Amino acid sequence: MIAVAALAPGVVGTKSRTTVPAEDTQWRWVGRIVNTFGSASGVAIGPRTVLTARHVGEGTFWLGNESYAVVNAFRPPDAPRPEGGTPSRVDLILIHVDRDLPGWYRIADRVRVGERGI
């Protein structure tokens, strides 16, 4: 389960799962998070915000040949289980980087729940 605010930027999906077709420009916002544990993918969801898995952790975000330093990170709280017991860890982390990503633009200022962003 993922909860988001009613007014939040959307994540735009892509058509391809294996290769990056020339007409598919959505992949340009997928980069790498590099830290002492290795590297994994991260996707830009805002001009300075990157989403990745919590188990990946914080690290330098690389987009193309440019690196972006982490300013801070947000880890959502663990989700309680309806039946009780140990809460379930939410495997997401939002990373805020030190400067705007190049060419970023908003697809919309506000999109209401249930409306299409594009």
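1. Strands β2 (residues 38-44) and β3 (residues 49-52) of this predicted model are joined by two bridges and run in the antiparallel sense. Within this pairing, Ala44 has Val50 of β3 as its bridge partner.

2. Thr52 belongs to strand β3. Its relative accessible area is 6%; because the cut-off for a buried residue is under 20%, Thr52 counts as buried. The side chain of Thr52 comes within reach of the backbone oxygen of Ser41, at 2.7 Å. Ser41 is also among the residues that Thr52 touches, together with Ile33, Gly42, Gly57, Asp91, Leu92, Ile93 and Ile95, when residues up to four places away in sequence are not counted.

3. Arg54 is placed in the loop between β3 and β4 (60-63). This arginine is likewise classed as buried, with 18% relative accessibility. A polar atom of the Arg54 side chain lies 3.2 Å from the backbone oxygen of Pro76. Leaving aside residues up to four places away in sequence, Arg54 touches Pro76 as well as Arg75, Asp78, Arg89, Val90, Asp91, Leu92 and Ile93.

4. The contacts of the two residues may be read side by side. Asp91, Leu92 and Ile93 are touched by Thr52 and also by Arg54.

Technical notes:
Residues numbered from 1 in each chain as written. Predicted model: local features only at pLDDT ≥ 70, side-chain atom pairs only at ≥ 80, totals over all residues. Heavy atoms only, no water. Pairing = 2+ DSSP bridges. Helix = DSSP H or I, 4+ residues; strand = E, 2+ residues; numbered from the N terminus. Buried < 20%, exposed > 50% of the residue type's maximum accessible area, 1.4 Å probe, protein only. Polar contact = N/O pair within 3.5 Å; in protein donor to acceptor, adjacent residues only side chain to side chain. Contact = heavy atoms within 4.5 Å.
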